[in-house]
Amino acid sequence: MYHQPVLKNRRTLLERAEKFISDIYFTDCNLRGRLFGDTHPLESITAFLSEKRIPYSEAIQQNFQPCNVGDAFGPTWWTCWFKVVLKIPEAWREKEVHLRWESDGEGMVWRDHQPVQGLTKEGEKTSYILTECLKDSEPHGITLYVELACNGLFGAGQGSMIAAPDPKRKFTLQKAELVVFNQDVSELLTDFEMLVDIVKLLGEGEQRGFQALFTANEMVNLCDPANPSSFAAARSLAQKFFAQKNGESQHVVHAMGHCHIDSAWLWPYEETIRKCARSWVTVIRLMEKNPEFVFTCSQAQQFQWVKSWYPGLFSEIKRFVQKGRFIPVGGTWVEMDGNLPSGESMVRHFLHGQNFFKDEFGLYCKEFWLPDTFGYSAQLPQIMKGSGISRFLTQKLSWNLVNTFPHNTFFWEGIDGTPVLTHFPPGNSYGMMGKVEDLINTVKNNKDKGRANHSAALFGFGDGGGGPTQLMLDRLQRVRDTDCLPKVQMSSPDVLFSQLESDSSLLCTWVGELFLELHNGTYTTQAKIKLGNRQCEVLLHDVEVASCLALCKRDSFKYPACKLQELWRLLLLNQFHDVIPGSCIEMVVEDALQYYDEIRTTGSRLLLVACESLGSFPGKGVGSSTAVLNTLPWERTEVISLPGEGTKTRLALVRVPSVGVAQVTEMAEPTVSVTMMVDGTIMMENGLLKATIDQTGRLMSLLLVQTNRETISQGGFGNQFSLFDDVPLYWDAWDVMDYHLQTRKPVIELVEPAKVVRSGGVQGSVSFSLRISGNSTIRQEIILDACCPYIKFNTEVDWEEAHKFLKVEFPVQVRSPNATYEIQFGHLQRPTHRNTSWDWARFEVWGHKWADLSEHGFGVALLNDSKYGYSVHENIMTLSLLRAPKAPDANADMGCHNFTYALMPHTGPFQEASVIQYAYNLNFPLRVYHGAISEPLSAFSVNSPAVILETIKQAERRENALVLRLHESHGSSVTATLSTSLLVKEAWHCDLLERPDPSTPVSKTSAGISLTFKPFQIRSLLLIIE
Ligand SMILES: [Zn+2]
């Protein structure tokens, strides 16, 4: 029987229980004050400071100097190694003894040359368990090392989390001592905490909350903190409460340990390697103590890092992977950005990721796992499916600033119609704490009540790593089946999704992209990273194509598979969801740009080697033996730059066959004329387009010559630069807010008026420059090439701004409710109006190489070579060029930028006007090299303009096989024939992991391989070559 409370006063009873476990109030007499018993100082502590992150074996050789608790170490990003000598007092027999270590840096304990425990105060890990029950036979004297990173869980932001790091911060060692840990007090504290939270969260409307209240109150009555023998009675009351069960219909929470580690963000890549080790070794310790604990872990790259740097820990992880408790998820190389990587890059994330998991752990992941990126391409479902994955977990759309996404569990259908079962944990977090609040939120927020009775709850400190704690496990263990709370089971993604699949008849379907209504500045921030990404995607494509041609042409050629794997992995790493979006600190930007330089240097060398294997190679300077490589699957006629006399170059118009090489033979074609009029305006014409440019470089008119159709809207100016104030609410590098649109200022101040640079021949060009502000200028060359249906704008900007956004606008004579944007292996439409909140939330959107605005019979495409931010409102097409956020990189985007965009008016639909092909042409330059080709070579061609042969590569680990990837780009059902001049022994359909599919034989005709496509379908072929 409970003791009757004195008054009927819920508040005093609740606060009495709260104070009983408070770590602030009454710790002299409450239960919390008894969590730790006696303490004992360390025998000695000495330290060694290192600017670099050095291995353990090197660190322990160094000269350690005496230091004290209370000392501070630094500066930021250095490492302090501590040698800790301790002796456990004999008198602590049968006690649980911890090394208690508190510091604001991130620590790793090393014992017997192995990492054994991460210690991070921010991650609530301040104890290393020396023994759970001290025996006389155990060693009492122990030497440990603690590797302390001079950075916090979230780096070292100066003043706020996302501010640029403070390079001079010191990190204090606040506590380092031996302490007796009272397990019985710890258990009882957790009981109290859960009961108190149930009282608070169920409120006064639920009788169950009052039952928890009276249970807690009676436990306080029974419990004397000074007398541990009184604890058992209190504990059994709690256990009785927790054991009162639910009915059968209760929601089931699938709890999974998790630790989201950003591969680089507010800290550099190198620190992430240690974050992985600290977090995962702690997981292993918890697994040893808690036999049911399951942990989900993504990103093959992070496993690869731990394998290389911590082989002992990696083999422990492998052991728990085999047991099904340390569960690799995601299937990708890193958790990449969901918007900006190309279609082929997306495929490579799965190819490299899944192959890694298969090689190391003998399994392919069944779930795509991307809880924390800034939107999800509508092409992802098909790419997942092609990589052996039909399930997807994220939660980021809960960050939407405007609209609440209507589902938690649903089928997500991509642009080709592929569905994947998708789950957003309704608790809206990937870093829960196992608290009552998390469980109640999971049930309450579930927008598919009655449709889906199972949800995930991912618990563990995340972003900066850390992972789960014993306390989180203890909390969840208590409420496995407690009346009025959801049922909780330690689970795995496979168990959760299997449950959802088995009962999915009521689930809704969402078609198209998962657009995040936030962080829309990430399409533009850190322009050099974006440029590096695009150029390196193109370069690796070209290296692969050229190497495949060389492989087929010359027996002695060795395909650079290892080098290409290395370069791809650097590119993929930089596509991590805080690197390519530009939401990282300056140190990460420097690393990323260096990786792009490595890809450019090595990639260019590999390309040259492959090209030179394609034909006889006359000695340098012998004759005019210049050859051109076209890696795209259509014939191209373009103006290229050739080496001229001395250091000069000259221009020539050449024709190169599809996926092939040709000797340069210059063509006599209609030429371009450029004329300056008396009023200072300039006319450019190439037989296809006729442009009129004013003195400030603006397009006053752009006519399609054949039909005399005007592109620029009446009274408007194309190529109009405009500058906006760009001050978001908080997330500086991430966000551009709707209100920035109200601050538009046209950039019209002339530095140098438009003048003719090239007046004719195969190319005409005009240059001018404008002042953006006292510190920033634009120089531009407007180029019209012979035979080219677009006008090109080569742009150089000196950019020294703060919180400004530079764009270029084209008001065009087109009326359409939707604009079209290229995405991975396809395109989609978004509105040009602001009817509903779902429409106006997309005031700034992403696209890849082109966007198009068309009405019946006429349209305009805006192409680019390295930009991703677009907007089309009414008839104004805008390309986002540069931003100037100050956090987390205080110098983001400062300096000189070069980029190109182009405007292409066209008759008919953009598909028939070859907008897609021309956008490829703008991005994939014809490669000119010194070599002699006896006759033009064309390795592949496709007879349908709708089908793009995107990728030609050597099959992974099969030297005599090529993989070709094609996709339908128009959004149509077509049959196409792929022709090849190469000798192909066998051909198979295969999936994106290059596994042949014997059930669908390839249909070969005399013309080639016949392929059918549904709209936006991706097809891969495995060709066995002679
Ligand atoms: Zn993240």
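This is a predicted model: local features need pLDDT of at least 70, side-chain atom pairs count only at pLDDT 80 or more; totals for chains, interfaces and linings use all residues.
Arginine 995 is partly exposed, at a relative accessible area of 32%.

## Other salt bridges

The count of salt bridges comes to 56. One of them joins the side chains of arginine 965 and glutamate 344, at 2.7 Å from N to O. Arginine 965 belongs to strand E51 (residues 961–968) and glutamate 344 to helix H9 (residues 343–361), so this contact ties together parts that are 621 residues apart in sequence. Arginine 965 is buried, its relative accessible area being 0%, and glutamate 344 is likewise buried at 6%.

Arginine 771 and glutamate 749 also form a salt bridge, with 3.2 Å between the closest N and O atoms. The pair links strand E35 (residues 763–771) to strand E33 (residues 749–758), and therefore parts that are 22 residues apart in sequence. Arginine 771 is partly exposed at 31% relative accessibility, as is glutamate 749 at 46%.

## Zinc site

The zinc ion has protein donors from His260 (NE2), Asp262 (OD), Asp372 (OD) and His577 (NE2), at 1.9 to 2.1 Å. Angles among the 4 donor atoms run from 90 to 157 degrees, and the site is irregular. A tetrahedral assignment is excluded because it requires all angles to lie between 85 and 135 degrees.

Histidine 260 lies in the loop between strand E12 (252–258) and helix H6 (269–289), and histidine 577 in the loop between helix H15 (561–574) and helix H16 (586–612), so the two tie together parts 317 residues apart in sequence. Both histidine 260 and histidine 577 are buried.

Technical notes
Residues are numbered from 1 along each chain as its sequence is written. Side-chain values use heavy atoms; hydrogens and water are left out. Donors are N, O and S atoms within 2.8 Å of the metal (3.2 Å for Na, K and Ca); water is not among the atoms, so sites may look incomplete. Four donors count as tetrahedral if all angles lie between 85 and 135 degrees; four count as square planar and six as octahedral if opposite donors are over 155 degrees apart and all others between 65 and 115; anything else is irregular. Helices (H or I, at least four residues) and strands (E, at least two) are DSSP runs, numbered from the N terminus. Buried means under 20% relative accessible area, exposed over 50%, partly exposed in between (1.4 Å probe, protein chains only). A salt bridge is a side-chain nitrogen of Lys or Arg within 4 Å of a carboxyl oxygen of Asp or Glu.
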